[in-house]
Amino acid sequence: MQPPATQTLTPHVYWAQRHEDVYLRVELSDAQNLDISILDNILHFRGQGHGAKGDNEYEFSLEFLWPVKPEVQYKSTQRQVNISVRKQEHGWWDRLTRQDRRPLFLAPDFDRWLDESDAEMELRAKEERINKISLESRVPKDPFSSLKRGYLFMYNLVQFLGFSWIFVNMTVRLFILGEDSFYDTFHTIADMMYFCQILAVVEVVNPAIGLVKTGVIPAMIQVVGRNVILFVIFGSLEDMQNKAVVFFVFYLWSIIEIFRYPYYMLACIDTEWKTLTWLRYTIWMPLYPLGVLAEAVAVIQSLHIFDKTGLYSLPLPRALGSSLSFSYSLQLYLVLMFLGLFVNFRHLYKQRRRRFRTKKRKAQ
């Protein structure tokens, strides 16, 4: 009497793919005596473990739709056996097996499943990471990188704290005193503004010596322009220090900087806050022209004072007259101020387009 034929047991198998690989997940826990091989483009699996039919020996075979490399990689865990097979040619398969009808034990692995477009995005991201690592490995490391980052972080932190103090102080005084706060802004805020704007000269030095990649000219236009207003117009003329325009100039400057400096501060530690990034590259669009307009009003209001006092006038020979009023220089400066507005606005707009175009590409 012949013994009854033993039934072949098959485990549950789940599959997914990428352009380069095929992944199989075999539901067989505590697998032992595994024998996994590829012969004539057919994957053969045999192993002992706990599967759908309890502790038994399980086996299955799969003939792939397209050629694969004969090497097979697998890893057995307490819960399953993970198998990875490399495709002979990169591409996307419509199905896993050569036979049209899917075997009953085979199903998609939705934990790893991607459609073709998602897989292409994943592949591009992987290639970008590899290219970035390759590029970074070719570029010699700067031994002073940490020191430079620390210096830039501290500079931006100090400026942020300074302009935050100015903004909060002016805002509180505005709510408490109302319009009366306009006329003593200079006497309350000037010392801190002097400190911040003298320190801002560093922003011209940094790109000049290569510490940052921004242009020297845009930084110089902003720093020199502000310091002319602060030291020459407001600082030199007591009659200007009690005017309301001082409030508007200082307030607009501080609003711009309380977003700009923390953005650069976080960039020093490779951190990005999306809301802050958007504000840094957007809020200047209305505020920067308004700031220049307020500065222009301050210059215009100071013209007759310079004419009256003769401050900074240029002495001339008697044949030509007594002196050349400094107000003529300021009238020329007004023209240069609006040219500077155009240059800086164009520079900042290009920065914004470049920044958000890059982010959009990464998102696609």
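**Helix α2 and its setting**

Just after α2, G178 takes a positive phi of about 70°. This is a predicted model, in which local features need pLDDT of at least 70 and side-chain atom pairs count only at pLDDT 80 or more, while totals for chains, interfaces and linings use all residues. Residues are numbered from 1 along each chain as its sequence is written, and side-chain values use heavy atoms, with hydrogens and water left out.

Helices here are DSSP runs of H or I of at least four residues, strands are E runs of at least two, and both are numbered from the N terminus.

Buried residues (under 20% relative accessible area, 1.4 Å probe, protein chains only) in α2 include L152, Y155, N156, Q159, G162, F163 and I166. An α-helix has 3.6 residues a turn, so residues three or four places apart point the same way. The buried residues of α2 pack against α3 (185–199), α4 (202–208), α5 (216–234) and α7 (245–267), with contact meaning heavy atoms within 4.5 Å.

As for the whole protein, there are 10 helices and 10 strands, and buried residues make up 38% of its 364 residues. Its C-alpha atoms fill a box of roughly 135 × 45 × 40 Å along the principal axes.

Technical notes. Buried < 20%, exposed > 50% of the residue type's maximum accessible area, 1.4 Å probe, protein only.
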